[in-house]
Amino acid sequence: MTSPSQPPRSVATAPPNVPNPFKVTARFDPSSLGLEHPIGLAIGPDGNLYVTDTSQAVAVISPDGKVLGQWGSPGTGAGELSFVSFSGDPSDIHAAIAVGSDGQVYVSDNGNYRIQVFSGSGAFTRQFGRKGKGDIAVDAAGSVYVADDQGESVSKFSPTGHFEWRIGGFQAKDPDLIGHEHLALVDAHGRVVMVNDDIGRVLYVNSRGHKVDGFSAPGCNVTVDALGYTFVNSCFSGQTQVFDRKHSFIGVWSGPDNTLSMAPVFGSNGRVFALGQDGTILELEVTLP
């Protein structure tokens, strides 16, 4: 929502003949991987895919579609998971996942109101957090950023899980920080990249919790590649828009084939993956100027 004193934010308008820079090069059906319906996807420093699934599990999958490992089961104990829908809509299950530069895996165990941390092989390491649900991002130092979708805020935790700061919330003075924030990652400049889907704004927040940049773009999911191009996905249409480093609109996913449920994620090996709305894992080729 926006402050009553603020005019509605404008959103990006596609220029004529905007190109489609996306090409699907491989598809991995969930059933072929022993999964029900993948709902979260991250790429580790090893290049492998880490996927949360509605079966209350995390799967590790090679870039070529081979299942390397799986862990998790329903429950409330250490290492057990509860991915739930707070709205009652089974298609609205949240299970964000992020992988640190050291290979540790951070899972938003929203039904148990906590973040669980695992080794790359699935060994439970620790847990932290509080009631809420949302996305996760991890910086190079191991600090963890968590978006609370219920409190409409973003919090930073130290590498050991100690609370450091919180921004946003219902009483925030900056209208860009009032609403539901969805985290992407921490970019090459150490900025947390997120999108406020209530007003259609992509925001960049530094490690001290200060907003340092932003631009208008409709969506509820965002990622950034190694070159600083920003990818904004609409969770309703499945359309993904691409913006260059100056925030100019330069590309858009088009066509009815397997629209995306999330913005693409980028591996250090140059490979790009995303989730289709039907749960299919897609490998993409992205061609940009």
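Predicted model: local features only at pLDDT ≥ 70, side-chain atom pairs only at ≥ 80, totals over all residues.
**Notebook: Gly168 and its sheet**

I started with Gly168, and I found it in strand β13, which covers residues 163-168.

Next I checked how open the spot is. Gly168 has 29% relative accessibility, so I put it down as partly exposed, since that class lies between the 20% limit for buried and the 50% limit for exposed.

Then I asked: which residues does Gly168 touch, leaving out those up to four places away in sequence? I got Glu152, Ser153 and Leu177. I also looked up Glu181, which is 13 residues from Gly168 along the chain. Their C-alpha atoms are 8.6 Å apart.

On to the sheet. I traced four strands in the order β10-β11-β12-β13, forming an open sheet with antiparallel pairing. The edges are β10 (136-138) and β13, and each of these pairs on one side only. From one strand to the next, I noted an average twist of 20 degrees. A reminder from class: strands of a sheet pair through backbone hydrogen bonds, either parallel or antiparallel.

I zoomed in on the partner of β13. Strand β12 (residues 153-157) pairs with β13 in the antiparallel sense, over five bridges. For Ser155, I found that the bridge partner in β13 is Arg166.

Last, I zoomed out to the chain. I counted 24 strands and zero helices. Of the 289 residues, 55% are buried. The accessible surface is about 12,400 Å², and carbon and sulfur atoms account for 52% of that. Looking at contacts between residues at least 6 apart in sequence, I saw that 44% join residues at least 24 apart.

Methods:
Residues numbered from 1 in each chain as written. Heavy atoms only, no water. Helix = DSSP H or I, 4+ residues; strand = E, 2+ residues; numbered from the N terminus. Buried < 20%, exposed > 50% of the residue type's maximum accessible area, 1.4 Å probe, protein only. Contact = heavy atoms within 4.5 Å. Areas by Shrake-Rupley, 256 points an atom, 1.4 Å probe, with all protein chains shown as cover. Pairing = 2+ DSSP bridges. Axes fitted to C-alpha atoms, helices over the stretch in contact; angles between N-to-C directions.
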